[in-house]
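User: Hi, I have a model open and want to go through its packing with you. Can we keep it quick?

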Amino acid sequence: MEFMMSDELLGTFVPVFVYWFYSGLYVILDGKAMDKYRLHTRVEEDAKNLVSKTTVVKGVLIQQAFQIAVSLSLFTIISNESGTVKPQPSLMVVVVQFLVAMFVMDTWQYFIHRYMHINKFLYKHVHSKHHTLVVPYAFGALYNHPLEGLLLDTVGGALSFLVTGMTPRTGIFFFSFATIKTVDDHCGVWLPGNILHLFFSNNSAYHDVHHQLYGSKYNFSQPFFVMWDKILGTYMPYSLETRKEGGFEARPIKKD
């Protein structure tokens, strides 16, 4: 008997698989040869990060459990009772939906993320959990307080899906891509030839600036573009400098 999995189930679970697969690649490659591409030394990572990697894995799995529950609930609510599958639109329509979804997700995440830094209660009790990783790494990308994961990532994703009217099949690819982008932004390395850096200036170095104390009030944009930071004056430019110990450093450029 052939086992068929619906697009709704694939759209729910494939991004979770992509998260661990893609971040796992960074773990596998994280040998001595990678030190020349790191944005922080291993000593800095051990000294500055306030939680163990075991705790991070558990925290991410909890967030993904919430994400799965909300996704399945959303698909149940919007599902067609007749059981008919929504037809897949043309490639041009899918491209437009991708672009609009990226704009919606970026807009939602920028303002919620920034507010979590402005509101002292939310920062102390919610968002500060993510910033216990001063030196980000790939599989810590979704290490958040469950409330933050719900508001920032899950609701933002749901809005992107609903506003654009994309099909569950398109959603599989969009959310998988958004997951790859989020993991890459937190990977903590600057790999030469990274194709994502050709299209997005919101990258691992850009987001690393935000995770440092001097950049905590800047570079809120995620995961795709930097437009809201530039429009609203929270953009902190940086230069990528080579460290004597090896690797790179995203050094902020002071504004005039």
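User: Which residues in α1 meet α7?
Analyst: Asp7, Glu8, Leu10, Gly11, Val14, Pro15, Val18, Tyr19, Tyr22, Ser23 and Tyr26 do. On the α7 side, the partners include Pro168, Phe175 and Asp184. Contact means heavy atoms within 4.5 Å. Helices are DSSP runs (H or I, at least four residues), numbered from the N terminus.

User: Before we go on, what sort of model is this?
Analyst: This is a predicted model: local features need pLDDT of at least 70, side-chain atom pairs count only at pLDDT 80 or more, and totals for chains, interfaces and linings use all residues. Residues are numbered from 1 along each chain as its sequence is written, and side-chain values use heavy atoms, with hydrogens and water left out.

User: Back to the helices. At what angle do α1 and α7 pack?
Analyst: About 20 degrees, with the axes 8 Å apart. Helix α1 covers residues 7-29 and helix α7 covers residues 168-185. Axes are lines fitted to C-alpha atoms, for helices over the stretch in contact, and angles run from 0 to 180 degrees between N-to-C directions.

User: Are α1 and α7 roughly parallel or roughly antiparallel?
Analyst: Roughly parallel. The cut-offs: under 35 degrees is roughly parallel, over 145 roughly antiparallel, 65 to 115 roughly perpendicular, and the rest oblique.

User: And how do α1 and α3 cross?
Analyst: At roughly 165 degrees, and their axes come within 9 Å. That makes α1 roughly antiparallel to α3, which spans residues 53-78. Among the residues in contact are Phe13 and Trp20 of α1, and Ser71 and Phe75 of α3.

User: Is alanine 158 buried or exposed?
Analyst: Buried, with a relative accessible area of 19%. Buried means under 20% relative accessible area, exposed over 50%, and partly exposed in between (1.4 Å probe, protein chains only).

User: New topic: rings. How many aromatic pairs are there?
Analyst: The structure holds 18. Rings of Phe, Tyr and Trp (its six-membered ring) pair if their centres lie within 6.5 Å; planes under 30 degrees apart are stacked, over 60 edge-to-face, and the rest tilted. Take phenylalanine 224 and phenylalanine 225: their centres are 6.3 Å apart and their planes are at 45 degrees, so the pair is tilted.

User: How accessible are those two?
Analyst: Phenylalanine 224 is buried at 0% relative accessibility. Phenylalanine 225 is partly exposed at 30%. Both belong to a cluster linked by ring pairs, along with Phe98, Phe174, Phe175, Phe177 and Phe200.

User: Which ring does the charged end of lysine 53 sit over?
Analyst: The ring of tyrosine 137, 5.0 Å from its centre. The charged end of lysine 230 sits over the ring of tyrosine 235, also 5.0 Å from its centre. The rule: NZ of Lys or CZ of Arg is within 6 Å of the ring centre and within 35 degrees of the ring normal.

User: Where is the cis peptide bond?
Analyst: Between glutamine 222 and proline 223, with omega about -5 degrees. Proline 223 lies in the loop between α9 (204-211) and α10 (227-231).

User: What does glutamine 109 touch?
Analyst: Leaving aside neighbours within four places in sequence, glutamine 109 contacts Arg114, Leu152, Asp153, Gln222 and Pro223. Glutamine 109 sits in helix α4, residues 91-118. At 5% relative accessibility, glutamine 109 is buried.

Methods. Helix = DSSP H or I, 4+ residues; strand = E, 2+ residues; numbered from the N terminus.
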